[in-house]
Every structure is written in C-alpha cells, then in structure tokens.
Amino acid sequence: MKTYKAQYKIAGGVHPEYHKELTRDKGIEIMPLPPLLHVYMSQHLGAHAKPILKKGDKVLRGQLIGESTGFVSAAVHAPTSGTVKNIEETRTAAGTFTQTVEIEPDGQDQWTSSLTPISNWESTDSKVLLNAIAAAGITGMGGAGFPSHVKLSPPSGKPIDTIIINGAECEPFLTADYRLMLEHAAEIWEGARIISKILGAKNIRIAIEDNKPEAISAMEKAIGTADDSVHIVILPTEYPHGAEKQQIFAITGRQVPSGGLPMDVGVVVQNVGTALAIRDAVVNGHPLTERVTTVTGLPLAQPKNVMARIGTPYSDLIKFCGGINGVAAKIISGGPMMGLAQSSLDATITKTTSGILVLPAKAVTFYEAMPCISCGRCVEACPVNLMPCDLSQMLEAEDYEAARDCNVMDCVECGCCAYECPAHRPLVQYMRQGKARVSAKILEEKAKQAGKEKK
Amino acid sequence: MSEETNNSQQYVVSSSPHTHSGASVRNIMLDVIIATIPAMLMSFWFFGFNAFRLIAVCVISCVIIEALCRKAMGRNVGITDLSAVVTGILLAFNLPPGLPSWMAVVGSFFAIVIAKQLFGGIGYNPFNPALIGRVVLLISFTGPMTTWSSWQAGPDMITTATPLGIVKMAFAAGQKVPFCFDSIMIKRFFIGDINGCIGEVSTAALLAGGIYLLMRRCISWHVPVFYAGTVAVFSGILWKINPALNMPPSFHILAGGLVLGAIFMATDMVTTPVTKKGLIIFGIGCGILTMIIRKWGGYPEGVSFAILLMNAVTPLINKATRPRVFGAKKS
C-alpha cells in the first residue's frame, strides 16, 4: 500500500469556507426511531420504485416495500418494523413527486431474514454478489444516487482496471463521510475489496482531501499490509475534488470523454458510504435502511453526525439536534455548493441525503445581477474549462444553439462560477436552465428524425 | 405530506450555490481606487495643485455625467459600483498637468457617454473609457495635451517636452541619442522626477499599486509582464542593432505611460480577454504596437493607441483562446 499526493492538477476549483469544525469531532449518534417514517419510492437516479404493499400491512425492517422497475432503478426497503399507514404521492427534497410509503414503527425494529449473509464473499461468484447488492437496494450515497448494481456491471466491452473509493467530501459543512472513515475504516476497506472483486479491477484508490489527516491514517491502519495495487491518494482541499470526473483525472490523469461515463476510461467511483453499505449488504445481508447524515449549521443548537433511518423527516432530525436557535433563513438538503433549498422541513432522509444544512439570515443574501465585467474568474474557476461568462450571455439571449456549440452540456453544475462571480450573475443557474433546454431540443430533433424515417 | 405540519416558518428557496466568495464589482473598483493612491500622492508631490485639480475635476465630472446619462437613458443610476470614479482617476492620470479643467470635462464626457454608456454601461464597453477620453483630447487639443510644464521650473513655468518627446524630436532631426540614460537617470525615472502625464511618471508608485492589485486578485500578472517584456525585447533588439539611433530597453519601460498602461489600463477587466492565454496575447500585442508607434509612428508615445487597438480584437482573442473543454477530443 502507498499513500501519496494526487499527481494531476484539475482545472479550476474554489476554496469556500469549510465550517467542518461544527461537526468534525462529533461521533456518529444513532437517532431513535421517529414516530413516522415517509419512505420515497424515488431515492435514486432512474425509474421510481413501485410500492408493493397496501395500507395496514405489517412490515419488518429490511423487507422489500418498493420494487425496482427498470434497468436503472433500485429497490426500496422498510427502514424498521411496523405498519404501513398510508401510501400517497408526496414531494421529495429534490422537488419531484413520487409515491411515498408511510410507516409507523412498532418499536421492535425486527429484521427480516430475506437476504442471506455471505461471509465467504471472496470465494463467491461475482454475479451472486451483484444480485445481493441489487436486492439490498444500494445506490450511490454521495449525491447522485446512481444504482450501484448498474454501476458495478459495466458492459463486457468496458473493462475496469481501477476503482476509486471517494472520501473527498469536498462540500463545505459535511462530515458524514469523514466520520465513517474514522469509525468504520475496516468495513469500508472490506466494501472496497468486494467492489474490486466484482469488477475484476486490479487497482484500488482511496481518495481523501488533505484536510482530513485523521481519516487518512484511519484508512491506512485498516488497509494495513495490502499490496501495492492499493493507494491512498491525498487530494488537495479544493472544491470540487469530490466530483467524479474531476477526481478520476486528479488520480489517474484520465479524462472521461465529453458525454461519457467513468467506465469509458476503465474506472468506477464509489463513495465511502456506498462501500460501507455494499459491505453491509453482502456480509450482514442487510438492505439499505439507514445512513449517516450531517445535520449542521450555525443556528442549530447541537450540530451532529446522525445515523438516521431512511424516511426520517427533516423536522425530527432537527429536533434531535436540539432545534434551531433564533431564525433559520434557509434549509438545504446537502451542502451549500450543490445542495437543494427546502421550502419546509417536510422532506425526509433518502439514500442520498449527505447533510441537512441550516443557514442563518445573515448567510442568506439577495443579489441583483449586474452585467458581466469579463473578469474571467468564472473561466478560471470552471473545472470543466467552460467559459461561463460567455455561456450565460448566450443563454440570457436564449441562443441555445450557440450554447450547445460551446459545450454547455459538459457543465457539471458544481457552482464554482456563480460562487466566484463579482457581478453576482446566476451563472450555474443559467447553465442548468440551458442544459434542460438543449436536452429538450435534442430530444425534439431525434423525434423529428424518427418521424421522417417512418415516412 | 400532511397539511398540519408546521409551515409557520418561511424558508428562502433558491438554486445552488448557497454561498458566495464575497467578491463584488464595487469591491474590485474600490481596490483599483486604493491601488491608485501611491501614484496619486506622487502626482501631488511632483505637480502640486494641478494634479489635485485634474483628478478632482475628472472624478467629479465622470460621476455626475454617468448619473445624468443613466437617468436620461431611463436606467437606474448605477454610480454606486464606483466604476466612474476609477475612470475619472485614470483619465486624470493620462493628462498633462497644465491642461485646462474644461478640457478635462470634455474628456470625461467622451469617456463616460460615448465610450461607456452608449454601449450599454459597465460591462458592455468594448474600449477602455479613460483611454477614449484621453485620445479624443489628444486629437482635438493636441497643443495643450502635449505641453508639459516642467515642475522644476517653478513660477516661470517653462514648457518642455517629455523624455519620449525629446527622443522623438532628436531622432527625427537626424541627431543621435540626446541624453545618456545612466543609472542616475534610471533612478530619476523610477521615482518619477520627469515630465509626463500626472499619473504616469512614478514607476515606483505604480508598481506598488500593481502589487496590491495582484494580491487582491484584481489583475493577473500576465498582461503587465508580457506587455513590458515585449517592449523590453523589441526595444532591446533595436538597441542592439543600432545603439546610436535607439534608446535602451530600460528607457522604453520607464519613460512615458508604459507602466501606467500595463498595470492599470491594459488590465481593465471589461476590455481585455478572459482567458490566461488571451491575456498573454493581449500583452504581447500591446507591446509590439507600442514599440511600432514609438519607433515609426507620428506620436512619441503609443501606449493609449496600442491598448485601444488591442481592445478592438479582444472578442477575437477570446474566441481563439477558448480552452479545450475537459473530456473533449483533442483537435
């Protein structure tokens, strides 16, 4: 095993205030069961799961309650034992509507035994392991929520030689992955080995930013005397080193082609939390029913890293963290750079909720956008080498063709441009809108093309 | 979710990011103003009340004209961004000490109305407003704009030429190098004990401002370094070929408005490229044009024209230096 600094320098990047000190030394606390859990059927990228229970049904913890409905979809399980109180459509933290199963816990927290633990995974066929991961409903826990069994079964033409376990956690405020690495390093390491076995990848890279030396040494200790195919790669503390494509470049020097996926360059990236969940699914036979989330922010009485059940309402989490002192002006699901602002505390924890951030009024500023002064700071900050200043003006003028020619679709929406802009232009917001419009246009053209071919 | 959940609290909902670097246009302008202070103090020292008069007239007229113009155009009065103050100071820096105040006001009018507001105001102007103001005055009032009252002359106010003017006239008359540019001269030039526009003479003070701007990330080093570097190389080659009919590089860098131009004018964000590569091209272009004008042009000094000409090609430079997008095929 080797530990070293990342060799490749990514383009752009910013250094926001990190505020990790609020929770970095707070050990993971297990939150008691809330009175009601609201479990979304859409917690992942892809097709929503389909609820398979009805009102009044009894469930056990880990029991399947939502079936995967497509190739890119994921199963959803009961986070505890109890009774299904209701199934109705509600709005998620992401603002989309989905079927939601409301479960009243019975307090027994009794596990189902539907999944069999696989203790000797090293000598188990990869297909069996993949099935176990799919059956456990594991999705990426870093943010996007891409179903893990899909990520771990690339087509045969795409051999994977390297897996990266992402412990960068570059979003300010968040410390959930950091605490996992400190408290569960051995399990994360086992998860990493399971992933590498499934993919037949010879190289394992653990990616951690250099502001987390304790996590680096914890992982070093857990990995112990592994051979030289395992590297801990220390990334500079700079946002967005946790972004998949940027991280792959920093570690391997490979650029995921525009519009492509990490597997196109022989790499698969999984978050540390995902590695842990995969290990839990394989070794313990536990479906994904809980996750660690950082509940933080200056107005919060006791910021904490909380192990909470999927479906726990934000309001209960905030209560568990001592409530809010004074006035909260903004509630964010996730971190301040890419998180989603919430209109209420009604949303619940999903497999991808890395944090709940409460911002005070003084941190919430309203800006009037000025014309671009061509300072070039957005160009300097963009990790994808776009020119957000020009793109925003094209999009302001609704010139989607020009924006498309200038690679708007390559934007990763990290927000570095808007963070830097002295004219307070909503740069990344323009890009998001532009990407949606360009995608719609591409679909429209495809449909037209298909129509012509039919004739 | 159920309606009875507590909705008494209103939260702000907006698209991420939910944090900002804190940078603002106003703060950038404020930094530029702060960076001009050393050169301003030196101008008071060397040119006395005339320097104060010109700076005050230009700043006040620029701000008032900007406010009136925005009002007349039915736009919100945007003077709080302080950009008109910066234009005023930089215009004044580019004027000779004896220029009548009313001419300075004419310069302000052209800088603010013609060069800036008619194009849409801050951010939309293709040319550096202060330089447009200066060039309009130079062409319209060539006499007063090239009359230099030597500050050393005291009350008699003898008019003499700038070092660049002396050199130009000497070479034009077929004479050889008019004065020896030795270390004592270099020291005088560096401090600013020479004739020239009020803000351009003291290289030392301008450098101090430049270092501040670099530290505050208001300018990048590319333009000043490549601009001065190109001038040094260009003049160095000429000097090596024929030292009798050319001045050494140190003279070309210290004389005239080069340092003022390279640090404060050719680094104006709005009118210069946004990419680092583009800034390098911009700096080299300014250097070449400045030397061509100084050596072969009609005017002794070419900094203003060089920068304005490069302003004109800035959109092209931006287009040509667009960085290769991450993951895009190498072309």
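B:Val177 sits in the loop that links α7 (163-172) and α8 (183-191) of chain B, where helices (H or I, at least four residues) and strands (E, at least two) are DSSP runs numbered from the N terminus. This is a predicted model, in which local features need pLDDT of at least 70 and side-chain atom pairs count only at pLDDT 80 or more, while totals for chains, interfaces and linings use all residues. Residues are numbered from 1 along each chain as its sequence is written, and chains are lettered from A and ligands numbered from 1 in the order in which they are written.

With 17 other C-beta atoms within 10 Å, B:Val177 is partly exposed; a residue is buried if 20 or more other C-beta atoms lie within 10 Å of its own, exposed if 12 or fewer, and partly exposed in between, with C-beta atoms placed from the backbone. Leaving aside neighbours within four places in sequence, B:Val177 is in contact with B:Ala244 and B:Met247, a contact being a pair of residues whose C-beta atoms, placed from the backbone, lie within 7 Å. The C-alpha atoms of B:Val177 and B:Trp102, which are 75 residues apart along the chain, are separated by 37 Å.

Chain A has 13 helices and 18 strands. Its radius of gyration is 22 Å, close to the 23 Å that the globule rule gives for 455 residues, so chain A is as compact as a globular protein of that length; the radius is taken over C-alpha atoms, and the rule is 2.2 Å times the number of residues to the power 0.38. Of the 455 residues of chain A, 57% count as buried.

Within chain A, strand β10 (residues 162-167) is largely enclosed by the rest of the structure, because 6 of its 6 residues are buried. In a regular strand the side chains alternate between the two faces of the sheet. In β10(A), A:Thr162, A:Ile164 and A:Asn166 are buried on one side, and A:Ile163, A:Ile165 and A:Gly167 are buried on the other. The table lists the pairings of this strand, where two strands pair if DSSP finds at least two bridges between them.

| Partner of β10(A) | Sense and bridges | Bridge partners |
|---|---|---|
| β11(A), residues 203-209 | parallel, 6 bridges | A:Ile165 and A:Ile206 |
| β13(A), residues 267-271 | parallel, 5 bridges | A:Ile164 and A:Val269 |

Finally, the contact between the two chains takes 33 residues from chain B and 53 residues from chain A. On the side of chain B that touches chain A, the residues divide into 17 nonpolar, 14 polar and 2 charged, where Ala, Val, Leu, Ile, Met, Phe, Trp, Tyr, Cys and Pro count as nonpolar, Asp, Glu, Lys and Arg as charged, and the others, Gly among them, as polar.
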